[in-house]
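I set out to record what could be looked up in this structure, one topic at a time. The entries follow the order in which I consulted it.

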Amino acid sequence: MEDELRAAVRGTAPTLVVDLHGALTTLGSEVLETALEDARRLAAHTVLLNFHDVDYINSAGVAVLIRLMGRMRETDQKLAFVELQPHYRKVFHMMGLFQFAPVFDSEREAIETLQLS
Amino acid sequence: MSDATSPASAQPHSAPSVVARTELLLPSIVGWERVAMQAASATARLAGLPVDRVEDVQTAVCEATLNAMEHGNGFDAHRLVRVLFVTRTDGLEVQVEDERHAFFHIPPPSAQAPKLVDRLAGSQDARGWGLFLICSLMDEVEVVNAGRGAVLRMFARRL
């Protein structure tokens with residue numbers, strides 16, 4: 001019943017993009033964790049998490065994301081959110097996530113603003 | 001406080017009335033909250049809420065249903081979550097009921113945000129955002145006792 005979360009890592013270090021597809025819920029924990037771990041092994045300093053194809057997010061899914069954000073902070077990796085739907089952008093804002101990871105309308109905007117290579 | 005014989009009170013604003021009631025009974029299985037979410041979308045549109053408010057109601061209903069499934073019914077598939085949509089002339093009321101009074105184990109509804117920094121540091125469980133989001137997204141939220149379980153009642157006003 002639940003759309004499974006899928007994730008794909010692309011790009012070259014130090015900036016990698018993780019494309020998410022499907023639903024971000026607690027069931028997507030392993031998928032998201034694996035993708036971010038892959039990005040870390042590929043020496044990503046900054047990860048752009050692209051939500052373009054994410055159609056459903058619940059608070060348990062955001063909790064998964066928060067746990068992984070905590071781990072990324074420990075290893076000094078940076079995270080940014082890209083192409084979040086306006087409603088989920090509002091929800092993330094309410095939860096205070098943008099204090100710790102900025103949000104951008106597009107990958108291009110993220111790269112230009114953060115002066116990434 | 002107005003005079004009962006004044007013109008204003010002689011032609012009072014019409015009291016909100018119920019247009020329709022729609023009820024769902026869902027098993028306590030993750031994923032079925034999305035059925036409630038779809039019904040929330042349809043009923044909120046029929047209640048005349050604008051698109052952004054429809055999305056607010058969807059998320060609030062989804063979170064309330066998940067809370068009832070997990071904290072009230074322990075994800076026991078045989079225990080049901082009842083979701084009642086009351087379409088009113090002034091907006092949409094939603095009642096989410098579990099079978100074991102889950103919401104009495106949750107602090108009274110408030111819109112105070114959990115401390116994200118503690119959750120990032122791992123010193124607090126990263127979960128526990130549901131009630132905060134419900135209170136933030138809806139115009140009214142209350143917990144009421146019911147015969148069988150607890151009911152989270154929420155309302156989104158039509159502007």
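This is a predicted model: local features need pLDDT of at least 70, side-chain atom pairs count only at pLDDT 80 or more; totals for chains, interfaces and linings use all residues.

How are helix 1 of chain A and helix 2 of chain A oriented to each other: roughly parallel or roughly antiparallel?

**Entry 1: a helix pair in chain A.** I looked up helix 1 (residues 29-41) of chain A and helix 2 (residues 59-74) of chain A, and found them packed at an angle of about 25 degrees, with their axes 10 Å apart. Angles under 35 degrees count as roughly parallel, and helix 1 of chain A and helix 2 of chain A are therefore roughly parallel to each other. I recorded their crossing as right-handed. Ser29(A), Leu32(A), Glu33(A) and Leu36(A) are the residues of helix 1 of chain A that I found in this contact, and they meet Val64(A), Leu65(A), Leu68(A) and Met72(A) of helix 2 of chain A. By class, I noted six nonpolar residues, one polar and one charged in this contact.

**Entry 2: chain B.** I found five helices and five strands in chain B. Their order from the N terminus is α-β-α-α-β-β-α-α-β-β. Chain B has 159 residues, of which 40% count as buried. Of the contacts in chain B between residues at least 6 apart in sequence, I noted that 67% join residues at least 24 apart.

**Entry 3: the contact of the two chains.** I looked up which residues take part: 20 come from chain A and 22 from chain B. On the side of chain B that touches chain A, helix 3 (51-72), helix 4 (116-120) and helix 5 (130-137) of chain B each supply at least two residues. Helix 3 of chain B gives the largest share of that side, six residues. I recorded the classes on that side of chain B as eleven nonpolar, six charged and five polar residues.

How values were computed:
Residues are numbered from 1 along each chain as its sequence is written. Chains are lettered from A and ligands numbered from 1 in the order in which they are written. Two residues are in contact if their C-beta atoms, placed from the backbone, lie within 7 Å. Helices (H or I, at least four residues) and strands (E, at least two) are DSSP runs, numbered from the N terminus. Ala, Val, Leu, Ile, Met, Phe, Trp, Tyr, Cys and Pro count as nonpolar, Asp, Glu, Lys and Arg as charged, and the others, Gly among them, as polar. A residue is buried if 20 or more other C-beta atoms lie within 10 Å of its own, exposed if 12 or fewer, and partly exposed in between; C-beta atoms are placed from the backbone. Axes are lines fitted to C-alpha atoms, for helices over the stretch in contact, and angles run from 0 to 180 degrees between N-to-C directions. Angles under 35 degrees count as roughly parallel, over 145 as roughly antiparallel, 65 to 115 as roughly perpendicular and the rest as oblique. A crossing is left-handed if the near helix is turned anticlockwise from the far one by less than a right angle, and right-handed if clockwise.
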